[in-house]
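Please read the following note with the model open beside it. The points proceed from the whole chain to single residues.

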Amino acid sequence: MTVPKIKMAIVGLGHMGHYMIRLVQNVEYNQHIALIAICESNEQSRRECQEQYPELEYFADYETLLAESDLDLLYVAVPPAYHHDVVMAALEKRIHVFCEKPLANSLEEAKRMLDKAKEVNVVHAIHFSLPHEPTMRTLKQKLDNDQIGVIRKIELVWRFPSWPRSWQHNSWISSRKQGGFVLEVGVHWIHVIQKLFGKVTHVQSELELSEQADCCEIGVEAKLRLADGTPVSINGMAGFAGEERVSMIVHGTSGTLAIENWAQLLEGEIGQPLQVSVINEGTDHAVFHYVLQAIKGNMSPLFDFQDGYDAQVVLEALRHPASADWVDIREA
């Protein structure tokens with residue numbers, strides 16, 4: 001018996017929207033997925049995509065897409081300020097949702113999205129890929145094997161010679177409302193911290209803002225405290241001469257593990273230099289693989305809107321510090 005394909009649409013034709021179009025054409029996915037529609041408000045982007053993929057339906061707004069299309073799954077790749085409205089409309093129709101990060105543009109929006117997703121009981125996934133990467137899986141294995149002893153401190157370093165980076169210039173990535181490296185990059189690492197080491201309970205943050213009122217932060221110095229008391233420091237800066245660096249350094253009582261620039265794993269014993277570590281490659285799947293498994297009713301290690309909300313709690317405390325003192329976010 002032939003199993004019907006999952007009918008899917010994509011909202012947003014930015015970098016990730018085009019990535020998803022290419023991904024669903026892979027043999028691993030096209031036997032299960034029928035991409036039937038694209039929604040994009042920019043006429044030129046929509047027309048260029050239509051020239052390349054004329055077999056799809058095209059819509060200028062998501063309301064019309066949802067009203068006129070019979071969908072099982074919606075991939076949401078619009079800027080963060082639009083996540084809430086698009087996702088809520090899809091959830092009202094009980095459509096499975098795969099949303100880009102960050103989950104929303106405010107904590108209030110994220111809470112409404114999470115509550116609605118639970119209410120309608122559909123798959124609600126967020127595109128957190130870092131814990132699935134071989135480098136991060138190898139680091140977790142070493143932590144689970146007690147390779148560096150008891151964790152003493154974690155450092156996060158986010159440094160960008162220019163922001164936005166050369167490949168991500170768009171109308172929102174540098175805006176104070178929904179852009180900035182704390183939101184765009186930091187969300188990945190806040191999620192990883194909470195999955196590997198436990199919930200963040202307290203935040204102390206100081207932002208350095210651009211002199212342009214509508215532009216995002218150019219620096220951040222912050223401290224976090226985990227539920228078990230472990231301290232986490234964040235040092236972030238944009239706009240300088242030098243190299244980009246995005247790293248997490250985990251110091252233990254018997255050694256250090258570090259992920260440098262997303263993909264390189266370093267390790268060393270106390271008093272010794274850090275050395276490049278071998279990565280255990282294993283099976284590597286795109287997050288979309290886990291979304292499909294969940295829709296089919298199978299066990300799946302995907303991250304859902306609860307993970308997105310938990311990260312958003314920390315992000316909003318970092319981006320909008322209420323004071324220079326520690327802020328308790330346990331009740332958020």
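How many helices and strands does the protein chain have? The protein chain has eleven helices and 15 strands, where helices (H or I, at least four residues) and strands (E, at least two) are DSSP runs numbered from the N terminus.

1. Basis of the note. This is a predicted model, in which local features need pLDDT of at least 70 and side-chain atom pairs count only at pLDDT 80 or more, while totals for chains, interfaces and linings use all residues. Residues are numbered from 1 along each chain as its sequence is written, and side-chain values use heavy atoms, with hydrogens and water left out.

2. Overall dimensions. The C-alpha trace of the protein chain spans about 60 × 50 × 40 Å along its principal axes. Of the 332 residues, 54% count as buried (buried means under 20% relative accessible area, exposed over 50%, partly exposed in between, with a 1.4 Å probe and protein chains only).

3. The parallel sheet. Six strands form an open sheet with parallel pairing, in the order β3-β2-β1-β4-β5-β6; two strands pair if DSSP finds at least two bridges between them. Because β3 (57–59) and β6 (124–126) each have a single partner strand, one side of each is left without a neighbour in the sheet. Strand β5 (residues 96–99) pairs with β6 over three bridges, and Phe98 stands opposite Ala125 in β6. Helix α1 (residues 15–23) lies across β1, β2, β4 and β5 and runs at about 155° to β1. For such angles, axes are lines fitted to C-alpha atoms, for helices over the stretch in contact (heavy atoms within 4.5 Å), and angles run from 0 to 180 degrees between N-to-C directions.

4. The mixed sheet. An open sheet of nine strands has mixed pairing and the order β14-β13-β12-β11-β7-β10-β9-β8-β15. Strands β11 (residues 245–252) and β12 (residues 255–260) pair in the antiparallel sense over five bridges, and the bridge partner of Val250 is Leu257 in β12. Helix α9 (residues 186–197) runs at about 170° to β7, whereas helix α11 (residues 305–319) lies across β8, β9 and β10 at about 40° to β8.

5. A covered helix. Which residues of α10 are buried? They are Val287, Phe288, His289, Tyr290, Val291, Leu292, Ala294 and Ile295, that is, eight of the nine residues of this helix (residues 287–295). Gly297, with a positive phi near 90°, follows α10.

6. His202. This residue is in strand β8 (residues 200–209). Why does His202 count as buried? His202 counts as buried because its relative accessibility is 13%. Residues touching His202 include Lys223, Trp326 and Asp328, not counting residues up to four places away in sequence.

7. Cysteines. With a disulfide taken as a pair of cysteine sulfur atoms within 2.5 Å, the count comes to zero. For Cys49, the nearest cysteine sulfur is that of Cys39, 12 Å away; for Cys215, the nearest is that of Cys216, at 6.6 Å. Cys49 counts as buried at 1% relative accessibility, and Cys215 counts as buried at 18%.
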